[in-house]
Every structure is written in structure tokens, then in C-alpha cells.
Amino acid sequence: MRYKIVKETKPTLKTFGKYKAKTVYNGEVETNQIIEEVAKRMGISEGGVLGVMLGLSSVISSHLRNGDKVRLERWGLMKLEIESDKVDRPEQFRAKKHIRGVRLHFLPESEKGRPELYQDITFEKERNR
């Protein structure tokens, strides 16, 4: 993975003014490219891959919205988490006022706490352009 060093610019953070590594991405892979690659690897039609992807997306989204965690073998666990403001007492909490949003959390499958997804990653500082 490539990274660059950037200065924290959010004054509200304790780390304001300090430096951190930030990922530099190579690009973005879109649905059509994924479909083509999977179809080639599996020896099936691109239409078949698209159909499975759409079905999988629909089923997973439905389960997540209904409050389920979704575990996909050899991939990981997905779950929705509520982000909310904090209040001093439980009776003060109002969902419409204090819930800021929902985030999708993905936890890669791991063996003994070592996700295979992270294995063999090397880090390379981006050269200044």
C-alpha cells in the first residue's frame, strides 16, 4: 500500500497539527470490471455474475437494515452501527435529535486475530510528484 504523510487539520482533534500516514489509492474499480474479472475466473457469463451480485446485494442489504449481522465465509462480518451524540442521562436521549447516522462496519475474517486480507501487505511511501 502506498501512503503519504499529511498534517492533521481538524482543530477539534487532540492530534491537531501532528502528522499521520494517509493511504494513496491507485484508482477505483467499478462494477463492470469486477463482473468481467469474476466471469473470466469462473468461466461463466457476465450476465450470470451480475445477477448473482444484484441478488447478493439485495439480500445482504435487507438483513443489515433489519438489524442482522451478516457473516460471509472467507470474507468477513458486516454490520450497521449507530452513531449518536452522548447525553448525561438515558431519559434525555431522543433518537431524532441525537442519532447522527449509521455506518457500515466490515470486519475481515481472521484466524487468531490475523485477517487474511491484511497478510503480506507492504507499505511504500509515495514519491513526491
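This report describes the charged and nonpolar surface features of the structure shown above.

The model is predicted: local features need a pLDDT of at least 70, side-chain atom pairs count only at pLDDT 80 or more, and totals for chains, interfaces and linings use all residues. Residues are numbered from 1 along each chain as its sequence is written, and side-chain values use heavy atoms, with hydrogens and water left out.

**Salt bridges**

The structure contains six salt bridges, each defined as a side-chain nitrogen of Lys or Arg within 4 Å of a carboxyl oxygen of Asp or Glu.

| K20 | E8 | 3.0 Å |

The bridge between E8 and K20 links distant parts of the chain, 12 residues apart: E8 lies in the loop between β1 (2-7) and β2 (19-24), and K20 in strand β2. Strands are DSSP runs of E with at least two residues, numbered from the N terminus.

Accessibility is classed as buried (under 20% relative accessible area), exposed (over 50%) or partly exposed (in between), using a 1.4 Å probe and protein chains only. E8 is buried, at 8% relative accessibility, whereas K20 is partly exposed at 40%.

**Surface patches**

Patches consist of residues with over 30% relative accessible area and no salt bridge; like charges are joined within 9 Å, and nonpolar side chains (Val, Leu, Ile, Met, Phe, Trp, Tyr) within 5 Å. Accessible areas come from the Shrake-Rupley method with a 1.4 Å probe, and for residues only the protein chains shown count as cover.

A surface patch of negative charge is formed by E73, E109, E111 and E116. E73 occupies the loop between β3 (70-72) and β4 (76-84) and is exposed, with a relative accessible area of 71%.

A nonpolar surface patch comprises M1, W75, F106, L117, Y118, I121 and F123, which together have about 760 Å² of accessible area. I121 is located in the loop between β7 (114-115) and β8 (124-125) and is partly exposed, at 32% relative accessible area.

Technical notes. Lys, Arg positive; Asp, Glu negative; His and termini not counted. Charge placed at Lys NZ, Arg CZ, Asp CG, Glu CD. Helix = DSSP H or I, 4+ residues; strand = E, 2+ residues; numbered from the N terminus.
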